[in-house]
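Here is a predicted model to talk through.

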Amino acid sequence: MAKQGFPDERFVHRDELFEDLSCPICLCVMRDPILVCQHSHKACDACGRLWTTDHPTCPACGSAVLPKLVPDVFARAVINRLQVFCVNKQFGCDWQGKVEDSQLHEERQCPRRIVGCSHPGCGFQCRLNDELIAHSDGCPHRPIICRHCLLTLLLGALAAHNEGCTRFPVTCPYRGCGATVPRNEMPQHEAACSHKPITCRHCRLDQTQGELEAHNEKCPRFPVVCPFGCGASVPRNEMPQHQTTHPEVVSARLKAAAAEAEAKKQKKKEARLKAQTRLKAEKEEARQKATKAKVEARRAAEIEASRREVDAIVDLRTGGLVLSDDPSTRSHQQLLFEPTHFEEVVMIDGKICNEAAVALVQLLENNCDPSHLRALTLVHDLAITVTSNVMGRAGIARPLTRMLTHPSIRSPRAAESLFRAIADLACDDVNRTFFGEAGVAPSLVEMLRDSNLLSRIPATTELFRAIANLSMNNPANRAAFGEARIAEPIADQLVRLYEAPDRVTVPAYSEQLLKAFAALTFDPRIREVFAQRNIVATVGAILERECSPVAQEELLRALNNFFPIVPPEICGLLSGLLVTPRSPIVANPSLATQYFAFVSRCVSDDGLRETLGQQRNFITPLVQLVSEPAFRDLLLQDPEIHRWYCAALRSLAENPNNRAKILEARAPLPDKFQKLLPLE
């Protein structure tokens, strides 16, 4: 017998269940309890009525059942207040509520209830989910409309319908046609199809209906009319024999034979002239080849001699760079280490250059001591004299990276030479990748933490140049520097630069430090560490001092990367670059690009726009820059500078007070200058 009541596992709080709430028939908590006998024994409504049809006694005590079964209102009220889970809990429904609300939820609200297909005649059932939607789309009882004949039918009957549908598209049976037409139009198509096989009635050859007309033009048995006017119509292949009966044909044949003899004579004459010309050309080609072979042999001898000279210069004995003792090679040894004549030795041809690069790499692989200053000087000279990625492809990145951890790197002279070699090689995009793969970033960051090394300005300058070149246009290297925590030592150096004004006056040192800082700010994680150290304020303070245009350009590039983290105090510095005796942005296109890009970004903010407008010496000098001939030429030659400059003016003009100042400053300028200042 099926259970009619609620199983115990349906209830949220099973400790609230009493024994007298269980049905004696299905042994579950009663559903809609009714009184069965006079002793107040109860059972489920469905269980009790089913029991009393076959049993006259109470299932609990055996006494006679009541003649009329009545609901037990009190028991129903108690059970209806109990908390139960949804019957579909095991299928993913997490609903729980009162018994009296469960039927409504399970029949209409449960997202996991069992539902049936809505199409008449389909008995498919499943739980409410995407499976029902998928079934509904492919249900064989779903009514559809045939898209060919527009007849309504069931999806399951579509295949059988297509077999006899009068408008169903079918393919022409004739080979090579491939046309698709409705079934009821196929007879008309077959009658007119150009690919329909047909037999020529003259020569009895098979061809298609579309080829018949072209076939008739060359059919040997097709009847043609005699061209000499006799009116005879004979097969085409018999026409020559027919024409022999006409005098005109005999005369024409004699003339054709004479013309053919003359043509053969002329052809022989042309062939003789061509043979003479070809013989002369072959003799000239043989002479040129002999001359070229002599030149190549002489060139090969010169290259071999030069290769022997280079081999005499670079010797890998004992793992060091040893100059040959042969007096005959001493002049070439001197040339090798004189930059003005270096190219005369290494640029003999590409092979010798590659051999020199490989020899240097083998030398440095065998002995990674940076105190070999001649070897590092040779790396530097090769990097700046020939294509620098020749050294990179030879594998120079690995030994130079290992040198950074050698004890002798603490020597300032050795460190400066090593950093200069890395910086020169890192000017090439390919070499940057090689150094990144060699893991150079952590070692360079470790150098930044060496206080003894940082006290030497030449070595530190080359170190900053190496970091800047490695970070330029290479996100992977910037990420490696970020993981090595480069932001902290660079921030310390910026603070030191601010606290030691004498270092700002050393252009090479300050420019390379700021180039490295600007290149690193393209990485968001490094930029975040700089922001935590409040480096933007330090940068603004450095910009306020008198520094070179290159340093100003790198500072503005970094500020562009930091935007919108810009303190309002920077606005005063922007006006300072305009009121100098001769503004540096007039003569420096790169500085002008960074300056106007930063100004345009600042004035896009409402607060900074108002602050800049209140600056005493900002709007008027900014507008009157166009009166400088050099700046006008800059605007006309560089569209990017013109775009940023006009964008800054338009954003400033969004403030009514600023717009009035711009118009006032623009009024004295000639009309041709005002056209360079559009505000709309």
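Q: What makes the largest pocket a pocket, and how much space lies in it?
A: About 260 Å³ of space lies in the largest pocket of this predicted model. A pocket is an open set of grid points, whereas a cavity is one where the probe fits but cannot get out, so the label "pocket" says that this space is open.

Q: How do you know which residues line the largest pocket?
A: A lining residue needs an atom within 4 Å of a point. The largest pocket has 14 of them, and the closest to its centre are Met472, Lys515, Ala519, Glu554 and Arg557. Helices α20 (457-471), α24 (507-520) and α27 (549-562) each supply at least two residues of that lining.

Q: What is the make-up of the lining of the largest pocket by class?
A: Five residues are nonpolar, four are polar and five are charged.

Q: What makes α27 and α29 a packed pair?
A: Two packed helices are described by an angle and a distance between their axes. For α27 and α29 (residues 589-603), the angle is about 35° and the axes are 9 Å apart. Contact means heavy atoms within 4.5 Å, and here it is made by residues including Leu556, Arg557 and Asn560 of α27 and Tyr595, Phe598 and Arg601 of α29. The residues of this contact split into seven nonpolar, four polar and three charged.

Q: What about α22 and α26?
A: The axes of α22 (residues 487-499) and α26 (residues 535-544) come within 10 Å and cross at roughly 35°, and this crossing is left-handed. Among the residues making the contact are Leu494 and Tyr498 of α22, along with Thr538 and Ile542 of α26. By class, the contact has eight nonpolar residues, one polar and no charged.

Q: Why are β2 and β3 said to stand at the edges?
A: The three strands form an open, antiparallel sheet in the order β2-β1-β3. β2 (42-44) and β3 (65-71) each have a single partner strand, so one side of each lacks a neighbour in the sheet. Neighbouring strands are turned by 30° against each other on average, direction ignored.

Q: How do you know that β1 and β3 pair?
A: Pairing takes at least two bridges; β1 (residues 33-37) and β3 have three, in the antiparallel sense, so they qualify. Ile34 stands opposite Pro71 in β3.

Methods. Residues numbered from 1 in each chain as written. Predicted model: local features only at pLDDT ≥ 70, side-chain atom pairs only at ≥ 80, totals over all residues. Heavy atoms only, no water. Axes fitted to C-alpha atoms, helices over the stretch in contact; angles between N-to-C directions. Helix = DSSP H or I, 4+ residues; strand = E, 2+ residues; numbered from the N terminus. Left-handed = near helix turned anticlockwise from the far one by under 90°. Nonpolar A, V, L, I, M, F, W, Y, C, P; charged D, E, K, R; others polar. 1 Å grid on protein atoms, 1.4 Å probe; cavity = no way out; pocket = protein on both sides within 12 Å on 5 of 7 lines; lining within 4 Å. Points joined across faces, edges and corners; volume = space filled by probe spheres on them.
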